[in-house]
Amino acid sequence: MHPATEKLVSDLKGKNFTLAACDYAERGYHFEIDLAADRLREFAQCLLEQEMYLVFVGGLHVEPAIEVIYQFASYDRPCRVVLRVAVDNNNAIPTISDIYQGANWHERETRDFFGVTFTGHPNPVPLILAEEDVDLKPLLKTDANLKESAALRWVRVEEQPETDEKADKD
Amino acid sequence: METAQLNLEPATDIQHDNRYYLNMGPQHPSTHGVLRVLLEMDGEYILDPQPVLGYGHRMHEKMAEHKNWMAFMPNTGRMDYAAALPYNHGFVSLFERLCGIEVPERAEYIRVITSELNRLVSHHLWLGAFLLDLGAFTPILYTFIDREKVLDILEDITGSRLTYCYFRVGGVCKDIDDKFVTRTREFIKYQRERFDVYNKLVTGNIIFLKRVEGVGVISKDMALRYGVTGPVARGSGINYDVRKNEPYSVYPRFDFEIPLGENGDSLDRYMVRLNEMEQSLRIIEQALDQLPAGPFLGKVPKKLKMPVGDSSFAVEAARGELTYYMVSGGGDIPYRLKIRVPSYSNLSILPELGQGILLSDLVTAMGSLDLVIPEIDR
C-alpha cells in the first residue's frame with residue numbers, strides 16, 4: 001500500500017472512521033465506508049486535509065432511506081474512497097459545500113433529481129431542472145422498482161446466486 | 001377590461017451604484033453550446049459570474065435505468081460529442097470487468113488508437129475555438145483542415161464522424177485494415193509538421209501571449225477543492241492522468257509523458273493541450289507498431305449477467321476524469337448509473353475564478369477550460 005494511503009487509513013481510524021478495503025480489480029475503488037449523517041462533515045474535513053479531491057456526489061433511491069454517495073480520489077496515487085450516507089427522516093443531510101466547494105453543484109443536482117435537502121447549502125436552488133419542475137424528482141424509483149439497500153450491496157462473484165433464466169427474461 | 005395593478009410606490013431598495021446584470025448566453029458564440037452565464041458586473045469588471053445550466057439536459061442517467069448495455073451504447077457517444085470514444089471505452093470496460101469478459105488484445109489496441117485519435121480531434125476543435133474566442137479567426141481554419149483528416153480516417157472505421165458508437169462489450173464492432181494503418185501513419189507525419197505551423201501562427205504571437213498570460217489562474221488548492229481534473233488540473237502542475245494513475249486497457253505498455261504547467265494560467269493550459277497532442281501521436285505510433293493480429297471481438301454471451309453491487313470505472317477523457325459508477329441489482333440493466341463528467345467539475349470553478357476579472361478575460365478563462373456543454377447537461 002502507498003505510504004500516504006496507509007497514513008490516510010490510520011488517521012481515519014484514529015478518528016473512529018473505519019475504511020473497509022475493497023478489491024480494486026473487481027470494484028474499481030479501494031475503500032468503502034458507511035456513515036451516519038452527523039459524522040459526514042467531520043469525515044469530509046479529514047479527507048480534504050489528506051488532499052483527497054471530490055470525484056462526485058450522487059443519490060441512490062433505496063429502502064428504507066435515500067442514500068447519498070460520495071466518491072473521493074487522490075491526485076498522486078491510486079486511492080478511491082466511496083462513502084454512503086443515508087438521509088434522515090426529513091430527507092435531509094448536511095452540506096459539505098463549504099469544505100469541498102466542488103460539492104456545491106453536485107448537491108444541487110442531487111436535490112433536483114432526488115429531492116434531498118442539503119442543510120446549510122449556500123444556494124439551494126435548482127441547477128439542472130427549471131424552477132417549476134422542482135417536484136419532478138426524476139431519479140426516484142416507482143414502488144415496484146424500489147429495492148432494499150441491503151439487496152444492492154456487493155456480493156462476491158463466486159457467491160452470486162444462480163439466477164433463473166425465465167425470471168430474467170423480462 | 002381589467003386594468004393591471006401598478007405599484008406606484010417609489011422603489012427604495014435599489015442601490016444607485018454602477019452594478020448591473022449581463023446575460024452571456026444561452027446563445028453566445030464563446031459559451032460553446034447552450035450555456036448561460038449570469039454576470040453581475042461593475043463596469044467592465046465581473047463581480048459574480050453564475051453559470052445557469054440545464055438547457056439541453058437529456059437525463060442519460062434515467063435512460064440507463066431502462067436499457068441494457070447495448071441499447072445505452074449510443075447514449076455514451078452523445079455526452080461529450082467532441083471526444084465520444086473515451087466515453088464508449090469507460091462504459092464497455094465497466095461491463096467487461098463486472099461480467100468477466102475477456103477482450104482480445106487486438107481490440108484493446110484498436111480502442112487505444114481510436115481513442116487517442118479522438119482526443120486529438122477534440123484538441124483540434126478546442127484549439128481552433130479557443131483562439132476564435134480570443135478574436136483570432138485564422139487558426140480554426142488550419143486546425144479544421146487537420147481535424148477533417150482524422151475524422152475521415154475514423155469515419156471509415158467507425159461509420160460516424162462525431163457521436164461514435166464503435167466499441168462493444170468484448171471488443172469493437174469493426175476491424176481496422178491496412179488502409180487505416182497507412183493513413184494513420186501518414187497523418188502522424190503530417191501532424192508533426194503542423195505543430196510548427198501552430199507554433200509560428202499562435203504560440204509565439206505577442207497578442208496571444210498578452211491575452212492569456214496570467215489570466216484565469218487556478219491554484220493547486222483551488223483545483224483540489226473543486227475536483228478539477230484533466231488538462232485544466234495539469235496546467236496547474238497537478239500530475240494526474242487516469243491513464244498513468246490508474247492504468248486501464250493497454251496504456252501501461254506505451255511510453256508517453258504527462259505534460260504539466262506551472263502557473264495554472266490560460267497559457268499553461270494551452271501548452272499542456274498542445275503537448276498532449278504530441279503525446280497522443282506517440283501512443284498511436286507505438287500502438288500501430290505493436291498491433292497484434294487476432295480477433296477484434298471476443299466471445300460474449302447474448303445476455304449479460306451482472307453481479308449484485310456497486311462498482312466504478314474511471315478513464316481519461318479528453319477533458320479529464322470520466323467515472324461511471326454503477327449500482328446493479330443483478331440482470332443486465334443497471335439499478336443506477338452515475339456518470340461523473342470532467343467538464344462539470346471544471347466549470348463549477350467559474351464563480352470563484354471569474355471574480356473581479358475583466359469580461360474579456362472571462363472569455364479567455366472559459367475558453368481555456370475547454371467546455372463541452374452537453375457533457376455537463378448530460
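The structure is a predicted model, in which local features need pLDDT of at least 70, side-chain atom pairs count only at pLDDT 80 or more, and totals for chains, interfaces and linings use all residues. Residues are numbered from 1 along each chain as its sequence is written, while chains are lettered from A and ligands numbered from 1 in the order in which they are written.

**Confidence**
- The model scores ipTM 0.88 and pTM 0.88.

**Helix H4 of chain A**
- H4(A) covers residues 103–114; helices here are DSSP runs of H or I with at least four residues, and strands are E runs of at least two, numbered from the N terminus.
- 12 of the 12 residues of H4(A) are buried (20 or more other C-beta atoms within 10 Å of their own, with C-beta atoms placed from the backbone).
- Among the buried residues are A:Trp105, A:Phe113 and A:Phe114.
- Their cover includes strands S3, S4 and S7 of chain A together with helix H12 of chain B.
- Just after H4(A), A:Gly115 has a positive phi of about 75 degrees.

**The sheet**
- In chain A, 5 strands make an open sheet with mixed pairing, in the order S1-S2-S5-S4-S3; strands pair if DSSP finds at least two bridges between them.
- S1 and S3 of chain A stand at the edges, each with a single partner strand, so one side of each has no neighbour in the sheet.
- S4(A) and S5(A) run antiparallel, joined by 7 bridges.
- A:Tyr70 stands opposite A:Leu83 in S5(A).

Terms used. The expected span of a helix is 1.5 Å times one less than its number of residues. Two residues are in contact if their C-beta atoms, placed from the backbone, lie within 7 Å.
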